[in-house]
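Thanks, everyone, for making the time. I would like to walk through one model with you, so please have the viewer open.

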Amino acid sequence: MTAAFYDLHSHSTASDGSLTPAELVNRALHQGVQALALTDHDTVAGLSEASQAAQATSLKLIPGIELSANWNGQCYHIIGLGIDPEYPPLITASKNLQQIRLQRAEKIAGKLVQKKIYGALEAVLSAAGDSMVTRNHFADFLLAQNFVSSKQDAFDRFLGQGKPAFVATEWAELTDTVNWITGSGGIAVLAHPMRYKLTTARMLKLLAEFKTAGGSAIEVVTGQSNSDEIRRAAGFAKRLNLAASCGSDFHTPNQWIELGRLADMPIDLQPVWELF
Ligand code: AMP
Ligand code: MN
Ligand code: MN
Ligand code: MN
């Protein structure tokens, strides 16, 4: 099986995706994906529906999660692949992260009020329902209310780091995060490493600590990586002797990239699925 058939990073309505877990599985099948990981932000709530939908089809559903973690005051995303969704520490962590997300949402809404933008909290809570509330929900609200011209614009002008409605957040610590994943039998993968814009020295420090904590792979091919980013991520994987993952980070049809539409993985790396 080649990389084109693995998509190890995707979202459903359990967090900020627009398709239900069953719709996501069906779309992945239709796109020719053979193995899909559902990796919602900080929650395993979509996994049982996704597994059920994948049963009796040719699709292999890999239970996953994308956890928000802190390292030296910044947020990094750690993907867990092949996790046990019933592992108690993971469930507790998810509950705590949901509270952290709710408190952050209140603060983001408060900052928007300072910009004379009202009603955001009610809108995002109602849109998210029982699911994880994310900045993506705020971006949807700002776009629907015509405060921004696109979701990207919402991040550029309000929600992105350093912007007026950005709220620095105390996520869980990186080491704890990796331990929840590995403790549940999963593989910890650093998501979209090139998105953090770290210097080489800092990236090496992050990866060394990630590896010491039990992390074993990084995403080398993502839905948004260009060939230079793939080359650089591959260099880090080799240097640290980490396995390589690939995932679209699919959220919704016709935005960003389609499920399974990924560049080939560099051949001289160990694919993360060899660790499954
Ligand atoms: P959160 O985890 O709540 O901070 O939200 C992060 C999510 O917002 C990411 O997973 C993306 O789905 C979305 N996001 C972050 N930055 C951008 C951006 N520049 N444009 C569009 N969506 C973004
Ligand atoms: Mn997201
Ligand atoms: Mn992410
Ligand atoms: Mn993601």
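I will take the metal site and then the helix packing.

This is a predicted model, in which local features need pLDDT of at least 70, side-chain atom pairs count only at pLDDT 80 or more, and totals for chains, interfaces and linings use all residues. Residues are numbered from 1 along each chain as its sequence is written, chains are lettered from A and ligands numbered from 1 in the order in which they are written, and side-chain values use heavy atoms, with hydrogens and water left out.

Which residues are the protein donors of the manganese ion (ligand 3)? They are E66 (OE), H77 (ND1) and H192 (NE2), lying 2.1 to 2.2 Å from the ion, where donors are N, O and S atoms within 2.8 Å of the metal (3.2 Å for Na, K and Ca), and, water not being among the atoms, sites may look incomplete. E66 sits in strand 3 (residues 60-71), whereas H192, 126 residues apart from it, sits in the loop between strand 6 (187-190) and helix 8 (200-213); helices (H or I, at least four residues) and strands (E, at least two) are DSSP runs, numbered from the N terminus. E66 counts as buried at 1% relative accessibility, and H192 is buried too, at 6%, buried meaning under 20% relative accessible area with a 1.4 Å probe and protein chains only. The manganese ion (ligand 2) is 5.7 Å from the manganese ion (ligand 3).

Turning to the packing, helix 3 (residues 88-114) meets helix 4 (residues 120-128) at about 145°, with the axes 8 Å apart, axes being lines fitted to C-alpha atoms over the stretch in contact, and angles running from 0 to 180 degrees between N-to-C directions.

Conventions
Buried < 20%, exposed > 50% of the residue type's maximum accessible area, 1.4 Å probe, protein only.
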